[in-house]
Each structure stands twice: as structure tokens, then as C-alpha cells.
Amino acid sequence: MELAKNKHRLASITQLLDVEDTSPNRCAASYKVLVVSSQFEGKPLLQRHRMVNTCLAEELKEIHAFEQKTLTPEQWEKQKSQ
């Protein structure tokens, strides 16, 4: 299973999606994901993560570690300028 192939599920809610395989030897067991979406506006972190987890529910069953950063477009712009 390759999470990068299934990121289209998030496409409907994202302005930016970056997926990095962080597992040793790139064996697709651990991922770090950055998701930027206007749909995160006004939502707490836990709700944002649940939105992403729902989109990737099937893939997450096969993953050992999944780190996600969920930002609004405004938060992303602030972070880029720092």
C-alpha cells in the first residue's frame, strides 16, 4: 500500500498536500503529512485530524506511524514567512 497514491481522497478538501514516507528504506510503514485546507477554519486540531483520518481510514489500517500537520491557508502563509 502506498499512501501517496491515495492522497486524491484529500484533494477535495485541500489547497496543499505534502506526503513524506519517513520509514527506514521507504518501506511505506511511516508517513509525515502536511495538509492545508480552508475547511479547517474555526476547527480545533482534533477535529482537523479526524477529517484527515476519515479520508484515509483504509490506508491507516496498514500504517505503523502517521504524523500529520493540519493548517488553514492563513496559518500556512504565516509559517512560510517565519
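Student: In which sense do strand β1 and β2 pair, and over how many bridges?
Tutor: The model is a predicted one. In it, L16 stands opposite V36 in β2. This is part of the pairing between β1, residues 16-21, and β2, which is antiparallel and extends over six bridges.

Student: How many bridges join β2 to β3, and in which sense do they run?
Tutor: One example of a bridge here is that of K32, whose partner in β3 is E67. The two strands run parallel, and the number of bridges joining β2 to β3 is seven.

Student: What is the pattern of helices and strands along the sequence?
Tutor: The protein chain has three helices and three strands. Read along the sequence, these elements follow the pattern β-β-α-α-β-α.

Student: Why is β2 described as largely enclosed by the rest of the structure?
Tutor: A residue counts as buried when its relative accessible area is under 20%. For the protein chain of 82 residues, the buried share is 34%. Strand β2 is largely enclosed because the number of its residues that are buried is six of the seven.

Student: Which residues of helix α1 are buried, and which are exposed?
Tutor: Helix α1 covers residues 45-55, and its buried residues include R48, H49, M51 and V52. Viewed down the helix axis, the buried residues of α1 fall within an arc of 150 degrees, so they line one face. In an α-helix there are 3.6 residues a turn, so residues three or four places apart point the same way. On the other side of α1, the exposed residues are L46, R50 and T54.

Student: Against which elements do the buried residues of α1 pack?
Tutor: The buried residues in question are R48, H49, M51 and V52. Their packing partners are β2 (30-36), β3 (65-71) and α3 (73-81).

Student: With which side chain does the side chain of Q68 make a polar contact?
Tutor: Q68 is placed in strand β3 and is buried, with a relative accessible area of 13%. Beyond its neighbours within four places in sequence, Q68 is in contact with V33, R48, H49, V52 and N53. The polar contact, at 2.9 Å, is with the side chain of N53.

Student: Is T70 buried or exposed, and at what relative accessibility?
Tutor: T70 also belongs to strand β3. Leaving out residues up to four places away in sequence, T70 touches V35, F40, L45, R48, H49, V52 and Q75. T70 counts as buried, and its relative accessibility is 3%.

Student: Which side chain is joined to that of D21 by a polar contact?
Tutor: D21 is found in strand β1 and is buried, its relative accessible area being 16%. Apart from residues up to four places away in sequence, D21 touches R26, C27, A28, A29, S30 and Y31. The polar contact, 2.4 Å in length, joins the side chain of D21 to that of S23.

Student: How far apart in space are D21 and F66, C-alpha to C-alpha?
Tutor: In sequence, D21 and F66 are 45 residues apart. For the protein chain as a whole, among contacts between residues at least 6 apart in sequence, 52% join residues at least 24 apart. The C-alpha to C-alpha distance between D21 and F66 is 9.6 Å.

Student: What share of the accessible surface belongs to carbon and sulfur atoms?
Tutor: The accessible surface of the protein chain is about 5,300 Å². The share belonging to carbon and sulfur atoms is 48%.

Methods. Residues are numbered from 1 along each chain as its sequence is written. This is a predicted model: local features need pLDDT of at least 70, side-chain atom pairs count only at pLDDT 80 or more; totals for chains, interfaces and linings use all residues. Side-chain values use heavy atoms; hydrogens and water are left out. Buried means under 20% relative accessible area, exposed over 50%, partly exposed in between (1.4 Å probe, protein chains only). Helices (H or I, at least four residues) and strands (E, at least two) are DSSP runs, numbered from the N terminus. The arc is that of the directions from the helix axis to the C-beta atoms. Contact means heavy atoms within 4.5 Å. Accessible areas come from the Shrake-Rupley method with a 1.4 Å probe; for residues, only the protein chains shown count as cover. A polar contact is a pair of N or O atoms within 3.5 Å; within protein, one must be able to donate a hydrogen and the other to accept it, and residues adjacent in sequence count only if both atoms are side-chain atoms. Two strands pair if DSSP finds at least two bridges between them.
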